[in-house]
Amino acid sequence: MPVFAVNYVYGPDTDTRMESRPTHRAWQSELYEAGTVLASGPLDNDPAPGGLLLMQAASREDIEAHLAKDPYASVGVIDETIVREWTPVFGPFSQA
């Protein structure tokens, strides 16, 4: 199954993002338990705050459908979402 690297760039509304963090993490936890999220976590603030999710699904469209349900998306704290298919060659996510 394809693996995707999802890079979120967060906007300046840190207060709303922090208020929504518990529901955002619960959403991620459900996808982790289902095997869709492989790993996730925040990125540092240089050049802007963000997050990285490694996800697997049958298609980019499936990933985008999941991302549309992220509580962060519904409260508007994500300025940019970059989804790229990733081919892990080594490590726990490699499909060799």
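These legends cover close-up views of a predicted model. Numbering starts from 1 along each chain as its sequence is written, and side-chain values use heavy atoms, leaving out hydrogens and water. Because the model is predicted, local features need pLDDT of at least 70 and side-chain atom pairs count only at pLDDT 80 or more, while totals for chains, interfaces and linings use all residues.

**View 1. Tyr 8 in strand β1.** Tyr 8 sits in β1, which covers residues 3-10; strands are DSSP runs of E, at least two residues, numbered from the N terminus. Tyr 8 has a relative accessible area of 1% and is therefore buried (under 20% relative accessible area, with a 1.4 Å probe and protein chains only).

**View 2. The neighbours of Tyr 8.** Beyond four places in sequence, Tyr 8 is in contact with residues including His 24, Trp 27, Leu 53 and Asp 70 (contact: heavy atoms within 4.5 Å). With Asp 70, the Tyr 8 side chain makes a side-chain polar contact at 2.7 Å. A polar contact is a pair of N or O atoms within 3.5 Å; within protein, one must be able to donate a hydrogen and the other to accept it, and residues adjacent in sequence count only if both atoms are side-chain atoms.

**View 3. Helix α1 and its kink.** Helices are DSSP runs of H or I, at least four residues. Look for the kink of about 50° at Arg 21, shortly before Pro 22; the bend is the angle between axes fitted to the seven residues ending there and the seven starting there.

**View 4. The buried residues of α1.** Among them are Ser 20, His 24, Trp 27 and Leu 31. The buried residues of α1 pack against β1, β2, β3, α2 and α3.

Technical notes:
Buried means under 20% relative accessible area, exposed over 50%, partly exposed in between (1.4 Å probe, protein chains only).
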